[in-house]
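Subject: Structure for you to look over

Dear colleague,

I am handing over the structure we spoke about, and I would be glad if you could read the notes below beside it.

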Number of protein chains: 2
Amino acid sequence: MNNRRIPKYIQLKNELLSWLESGKLQRGQQVPSENEIAEQFGMSRQTVRQTFGELEKEGWLERIQGKGTFARSPERREGEQVKTIGIITTYISDYIFPHIVRGAEAELRSQGYRLLLSSTDNNKEKEMESLQLMTSQPLSGLIIEPTKSAEGNPNLAYFLELQEKGIPYLMINEKYRELECACLKVDDEAGGYKAAQYLLEQGHTQIAGFFKRDDLQGVNRLKGFLAAHKAAGISASPKRVVTYTTEQKSDFPYQQALQMLAEGEKRPTAFVCYNDELAVMLMEAVAASGLQVPEDVSVIGFDDSSLASASGTKLTTLTHPKTVMGQTAASRLIAMIEQGEQAEDMVYEPELIERDSVAKINKG
Amino acid sequence: MNNRRIPKYIQLKNELLSWLESGKLQRGQQVPSENEIAEQFGMSRQTVRQTFGELEKEGWLERIQGKGTFARSPERREGEQVKTIGIITTYISDYIFPHIVRGAEAELRSQGYRLLLSSTDNNKEKEMESLQLMTSQPLSGLIIEPTKSAEGNPNLAYFLELQEKGIPYLMINEKYRELECACLKVDDEAGGYKAAQYLLEQGHTQIAGFFKRDDLQGVNRLKGFLAAHKAAGISASPKRVVTYTTEQKSDFPYQQALQMLAEGEKRPTAFVCYNDELAVMLMEAVAASGLQVPEDVSVIGFDDSSLASASGTKLTTLTHPKTVMGQTAASRLIAMIEQGEQAEDMVYEPELIERDSVAKINKG
DNA sequence: TACGATAACTTGTACGTACAATCGAAGAGG
DNA sequence: CCTCTTCGATTGTACGTACAAGTTATCGTA
C-alpha cells in the first residue's frame with residue numbers, strides 16, 4: 001500500500017512515530033522486540049535496527065541490551081522550549097526601572113524562565129541594537145518599554161518580525177501608536193489630573209508644570225494637568241508649562257525653574273513635575289533661589305520612587321506599581337506563551353501620596 | 001594493539017576523530033570511501049558504515065550519495081557562537097547593583113553579547129535556581145556576585161560544571177574561598193581602615209562600627225576598621241562593634257544604634273557603617289534620638305551610592321567603582337572568551353569623599 | 001564541437017548469518 | 001528461605017551478499 005519509493009526503514013519510522021503521537025505507545029512502555037517487529041512488518045531484523053537506531057539518536061526510543069526497547073518522549077521536546085524572555089527598558093540603573101526589572105526577574109525565575117536584559121538609554125539606535133541582539137537567538141517572548149514613544153518608531157520591522165515568528169510581546173509604561181500591542185501602564189492622564197487637582201484644592205492657582213515631551217507618558221500627564229485646570233475654571237498659563245526632551249533634561253527645566261522663581265511675587269506657588277527625579281532637581285532650584293519647600297513653593301512628583309522619601313523634604317507624589325508591574329508583565333507574557341492567551345491592556349490608577357512638599361494656601 | 005573489548009566500530013570512530021583533531025582530515029576534505037576504509041582497517045563495509053553513520057549524526061562527517069564522504073568541523077564549534085553572558089547578583093533593584101549591571105550591559109551590548117540577568121536576594125537556594133537556569137542552555141560566560149560569601153558555598157557543583165564545560169566565569173565584589181577564580185573587588189580592608197583613620201584624625205576616639213558578617217565584604221571592612229584602631233594605639237571596644245546578617249539588617253543595627261545613643265555622655269561620637277544604606281538608616285536613628293548629624297554624631301558610609309547625596313545631610317563615604325566595575329568585568333570576560341586570556345584579580349582602591357556627615361572634634 | 005550513452009565509482013537500502021553481552025526469571029541446591 | 005546457576009529473550013557487534021541510486025569522467029557519435 002505504501003509507495004515503493006519510500007524506503008522501508010523510513011516507513012517503519014513513520015509508523016512508530018505515529019504510534020507515539022496517537023498514544024498507542026506511551027512513554028516508558030516497551031516496544032515489541034526487533035524480531036517481533038521484523039516478522040510483523042515482513043522485514044529483516046537489520047532493517048528494524050536501522051530504524052530503531054535513528055529513533056534512538058533522535059531521542060524517541062531507548063534501547064537497553066538484554067532488556068528491550070522502550071518509548072520515551074524525547075527530552076528535547078521539553079528542553080527545546082526556549083524559556084528565555086527578553087526585557088528592553090530605557091534605563092537599567094536609574095529611578096524606578098530597577099524595580100520593574102526586579103519584579104519581572106523574580107516572576108520569571110520562579111517560572112523557570114531566563115531573563116535577557118537590555119537597555120536603550122532612550123536612544124533609538126540602541127533600541128535597534130537591542131532588538132537585533134534579542135532576536136538573533138530563539139526567544140519565547142519580549143517585554144518592551146518604548147523608547148521616545150511620542151516620536152515615531154523606526155524599528156517597526158523588528159516588531160513585525162516578532163509577530164511573524166509568533167513571539168508574543170507586550171509593552172510597559174507606554175505603547176507605540178503604530179503597533180497593535182497589549183500594554184501595561186499607569187493612567188498618566190489621571191495622574192496629571194490628580195496632581196493639579198490636589199494643588200488647586202489646596203488653594204494654589206499659580207501652578208507651573210514641567211513635562212517631558214518625547215515620551216507619551218509626559219504628554220499624557222500634561223494632558224491631565226491641563227484638564228484639571230479646565231475643570232476648575234482656571235486657565236493654565238502657557239508660560240507656566242515647560243516641556244523638554246531627554247537630551248535637555250539635566251539642565252533646561254532647572255534653568256526655566258530658576259527663571260520663574262526669580263519673578264518675585266508673580267512666581268508660581270507650585271510645581272507639578274514629570275517625575276520624582278525632576279522634582280528633586282527642581283527642589284534644589286528652589287533652595288538655590290533662597291526659597292523653601294513647601295513654605296514658598298510646593299512640589300509634586302511622580303512615580304513614588306526612592307528619591308521621594310530619601311530627600312530632605314519628603315516628596316508628595318503619585319504612585320507607580322513598579323515591581324508589581326514588572327511581575328504582572330512577566331506572568332501575563334508567560335500566560336501568552338504557554339496558554340496562548342490573548343493580551344489585554346492593563347491600566348493602573350495612580351494614587352496621591354501626601355508627604356511634606358505641598359503647603360496649603362490660605363486665600364486672602 | 002587495541003583492547004579487543006572495545007568494539008571495532010568505536011575504535012574506527014576514535015581513529016577518525018583523531019584524524020580530524022590532528023588536521024590529517026581538513027574540513028571539506030574527502031574521506032576515503034567505505035570500501036577503502038574497510039580494506040585498510042580489515043573490517044567489513046557494514047562496520048565502517050556504522051561508524052560513518054554515527055559520525056554523520058554527530059555532525060563530523062557529511063555523506064553524499066554517489067559522491068563520497070566529507071569531513072566537516074561540526075557547526076557547533078563555530079556556528080553556534082553563543083554570545084550570551086550571564087550575570088548573577090545578590091540584588092537587582094537596590095543600591096549600587098543597578099549601576100554594576102548597567103556598566104556590564106552597556107559593554108556587552110556594544111560587543112554584540114546578550115545579557116542574561118538573575119538575582120539571588122542573597123539567598124543560597126535562589127542562587128542555585130539561578131545557576132541552574134543559566135547553565136540549562138548554552139552560555140559563553142558568567143559573572144557572579146557571591147551570595148553570603150563569608151559562609152560556605154553549597155553550589156560548588158555548578159561551578160565545577162562550568163569549568164568542565166570550559167565556560168569562563170569571574171566574580172565581583174567578593175569570591176568564594178573554595179574556588180580558584182578571578183575576582184574584581186574593592187579593597188574593603190583598606191576602605192575600613194581609611195574610614196576609621198579619617199575619624200581618628202578628626203579627633204574621634206569613641207567610634208562605633210556596624211558591619212555585615214555574612215558577606216566577606218563586611219568582614220574585611222571590619223578588619224580594616226580594627227587595624228586602624230590598632231595603628232592609632234586606640235582600642236576599639238567590642239561593645240562598639242555590631243555585626244549582623246542579611247536577615248537582621250532591617251532592624252537589629254537600628255536598635256543597637258538607638259541603644260548606644262541613649263548612653264548619654266558615654267555614647268559614641270561616630271558611626272562607621274557597612275554601607276550607605278545602613279548609614280542612612282542610622283542617621284534616622286540619630287534623628288530619632290533627638291540628636292544631629294554631624295554635630296552630635298558623625299557618620300561614614302560606604303560605596304558612594306545615590307543615597308549618599310540624596311539624603312538631607314550629604315554623607316561622607318568611600319567610593320565604589322560600580323558602573324566601571326561592571327563594564328570592566330564584562331570586557332575582561334569577553335577577553336577570556338575570545339582570546340582565552342587568563343583571568344587576573346583586580347582590586348580597586350576606595351577613596352574617601354568628604355561631605356557633610358563628619359564633624360571635627362576639638363580635644364579638651 | 002556538442003551531446004548523449006556508458007562505465008566506474010560512490011553511498012543507500014535490504015536482506016542474511018553468527019555470535020557476544022546483558023538482563024530477568026525460572027529452577028537447582030544449600 | 002536464600003543463593004547460585006541456568007536458560008531464554010533481547011539487544012550489540014561483526015561479517016557477508018545483492019542490488020538501487022546518485023555522481024563523475026570518459027568515450028563514441030552526430
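What follows goes through the interface, then the sheets, and then a few local features.

Please keep in mind throughout that this is a predicted model.

The interface between the chains

I began with the contact between the two chains, where 35 residues of chain A are in contact with 36 residues of chain B. The area buried between chain A and chain B comes to about 3,000 Å², and carbon and sulfur atoms give 51% of that area. The size of an interface is often given in this way, as the accessible area lost when the parts come together.

On the side of chain A that touches chain B, the elements that give two or more residues are helix H3 (45-57), helix H5 (97-110), strand S5 (114-119) and helix H6 (124-135) of chain A. Sorted by class, that side of chain A has 12 nonpolar, 12 polar and 11 charged residues.

Within chain A, 3 strands form an open sheet in the order S1-S3-S2, with antiparallel pairing. Strand S1 (30-31) and S2 of chain A stand at the edges, and each has a single partner strand, so one side of each is left without a neighbour in the sheet. The pairing of S1(A) with S3(A) is antiparallel and extends over 2 bridges, and A:Val31 stands opposite A:Thr69 in S3(A). On the S2 side, 4 bridges join strand S2 (residues 61-64) of chain A to strand S3 (residues 68-71) of chain A, again in the antiparallel sense, and here A:Ile64 stands opposite A:Gly68 in S3(A). The hairpin of S2(A) and S3(A) has 3 residues between the strands, and in it A:Gly66 takes a positive phi near 85°.

The sheet in chain B

In chain B, 3 strands form an open sheet in the order S1-S3-S2, with antiparallel pairing, and its edge strands, each of which pairs on one side only, are strand S1 (30-31) and strand S2 (61-64) of chain B. S2(B) is joined by 4 bridges to strand S3 (residues 68-71) of chain B, and these two strands run antiparallel; B:Leu61 has B:Ala71 in S3(B) as its bridge partner. Helix H3 (residues 45-57) of chain B lies across S1, S2 and S3 of chain B, running at about 115° to S2(B).

Salt bridges over the whole structure

A search of the whole structure finds 41 salt bridges over all chains. In one found within chain A, the side chains of A:Arg221 and A:Asp188 meet with an N to O distance of 2.9 Å. Because A:Arg221 lies in helix H9 (residues 216-232) of chain A and A:Asp188 in helix H8 (residues 188-201) of chain A, this pair ties together parts that are 33 residues apart in sequence.

Backbone points to check

Most residues other than glycine have a negative phi, and most peptide bonds are trans. Against that background, the peptide bond from A:Val293 to A:Pro294 is cis, with omega near 5°, and A:Pro294 is placed in the loop between helix H11 (276-288) and strand S12 (298-300) of chain A. In chain B, the peptide bond from B:Val293 to B:Pro294 is cis, with omega near 5°, and B:Pro294 lies in the loop between helix H11 (276-288) and strand S12 (298-300) of chain B. Finally, A:Lys322, a residue other than glycine, has a positive phi near 45°, and A:Lys322 is found in the loop between strand S13 (317-318) and helix H13 (323-339) of chain A.

Terms used:
Residues numbered from 1 in each chain as written. Chains lettered and ligands numbered in written order. Predicted model: local features only at pLDDT ≥ 70, side-chain atom pairs only at ≥ 80, totals over all residues. Heavy atoms only, no water. Contact = heavy atoms within 4.5 Å. Buried area = accessible area lost by both parts, 1.4 Å probe. Nonpolar A, V, L, I, M, F, W, Y, C, P; charged D, E, K, R; others polar. Pairing = 2+ DSSP bridges. Axes fitted to C-alpha atoms, helices over the stretch in contact; angles between N-to-C directions. Salt bridge = Lys/Arg side-chain N within 4 Å of Asp/Glu carboxyl O.
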